[in-house]
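Trainee: Could you take one buried site, and then a helix pair, and go through them closely?

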Amino acid sequence: MKNIKQICTWLMVSVVIMLSGCDNFLDVNVDSTLKGDATMQELLPTAEFYTGEASYQQAYVACQYAQQLGNAIGSNGTDTYAETDNTIGWSNFYLYVFPQLNVIMQKGQAENASAYVGIAKTLMAYNLGIATVNWENVPYSQADQKNFTPAYDSQEQIYATIQKLLDEAITELTKNTGSKPAADDLIYNGDTAKWIKLAYSLKARYAMHLSNKNPKQAAQDAITALQNGMKSNADDFQLPYNSKNLSPWYSRVAIPNTTSNLSVTFTNTFVDLMNGTVQGIQDPRISKVISLKNNQTIYSGVIPGSGSGSTVDLTAKAWHSNIQSPLVMMTYSETKAIEAEARFLLAAASNAEAYAAYLELIRSNMKKVGVADADIETYLKAAIVNVGVSKLTLQHIITEKFKSMLLIGDIWTDIRKYDYLDFPMPTNVNPDLGGKRIQRMRYPDSEITRNSKTVQANQKDPETPMWLLSK
């Protein structure tokens, strides 16, 4: 576990910096403190911290829409496909993450510190990826200008920008010039080789986001990128926490659960995939990632939209929500899922490489959360899992990806891309959707007030599929 005791100091610096510049919501050029005084070593950890915050805020909403999580306290929660604007997530992007990353890039280029520039560009691409799958069209190309009404880039433009940023990041990270991060890099401790692997892995993720637009091209682009992507769980993109710097899943969900301040728990959609109800074999990850409530012995998830039926919780005993849990943003197992899907799209019939990637996505995620080797092999040999090369389907791949990407908000992209699989509609579903599934978040009210004409031009009904999901 990396030492992040310095984060409080860095955050205090960041808050002072950012509050002094909040008069211009998207302006990063007029704040003399931010431009002149804060060092790259101070800016990087705060940008990484708020990247984690943005990831958590997205996952808290998106994983309810994707039916990993459900509301534990009533029948009118987000899991009914209720519209939400994720205001905190938007603020993280435009008040904290984007301005700091822009300044890191400016300072890094001025000081020939290629590693800082490459890391900042990688993080910018990742954050843009979160923003666009939440809201579709978002500010970027005009987001640092001195006005409150920047035009929004189209989602097509954003995806092109993401790939351009990642290509530029890889170029910078391979230069090896100037000062290099160390403990100020909370994620990889200055290991540029791992940042390069992440950049290539993100290229694959965002290529496959567009597989509805051009399946073969998206798949080939993903396979090409993954040749240089993550190679093991040790390459995972995650922010570490500890007893002094608490994970949001621990401090904001698990701990409140112990005092009956309930918020979300696991759905029956997710739990039934783990407890044997759907597959006929219990997934050995179940006791690692899901906690039973006191005196309960049977794993049952909340029925989405009802607030009832749950015998399980996110607690301090579960892998993702204990006091030492990292906040996971992208994993090696996800890259194997991407590879399996891409290879399947390129050559579905008897695709041995797709099948091998499918098995590795399961194995690697089980290892990550601490499943014993014997239990892994038992699961992989089960007939429902070990279907053989000729019977592998996209349903197999995406189902296992859904389980392995627990509490990673980007899984909502896959769920939407594949029409929510065969998931049931929530109870008390939002009637405004007309029987359709939720497809997007709403722009924040603060943005509507500040930039109303632009928002009105870009806002669509919540059930309208995004450009990336349209064929």
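Mentor: A residue is called buried under 20% relative accessible area, exposed over 50% and partly exposed in between (1.4 Å probe, protein chains only). This is a predicted model, in which local features need pLDDT of at least 70 and side-chain atom pairs pLDDT 80 or more, while totals for chains, interfaces and linings use all residues. Residues are numbered from 1 along each chain as its sequence is written, and side-chain values use heavy atoms, without hydrogens or water.

Asp283 has 0% relative accessibility and therefore counts as buried; Asp283 lies in the loop between helix 10 (268-274) and helix 11 (286-289), helices being DSSP runs (H or I) of at least four residues. Leaving aside residues up to four places away in sequence, Asp283 touches Met274, Met366, Tyr379 and Lys403, where contact means heavy atoms within 4.5 Å. With Lys403 the side chain of Asp283 also forms a polar contact of 2.9 Å, that is, an N or O pair within 3.5 Å with one atom able to donate a hydrogen and the other to accept it.

As for the helix pair, the axes of helix 12 (residues 332-346) and helix 13 (residues 352-368) come within 8 Å and cross at roughly 160 degrees, on a scale from 0 to 180 degrees between N-to-C directions. Helix 12 is therefore roughly antiparallel to helix 13, a term for angles over 145 degrees. Among the residues making this contact are Tyr332, Arg343 and Phe344 of helix 12 and Glu353, Tyr358 and Leu361 of helix 13; by class, the contact has eight nonpolar, three polar and five charged residues, Tyr and Ala counting as nonpolar.

Conventions: Helices (H or I, at least four residues) and strands (E, at least two) are DSSP runs, numbered from the N terminus. Angles under 35 degrees count as roughly parallel, over 145 as roughly antiparallel, 65 to 115 as roughly perpendicular and the rest as oblique.
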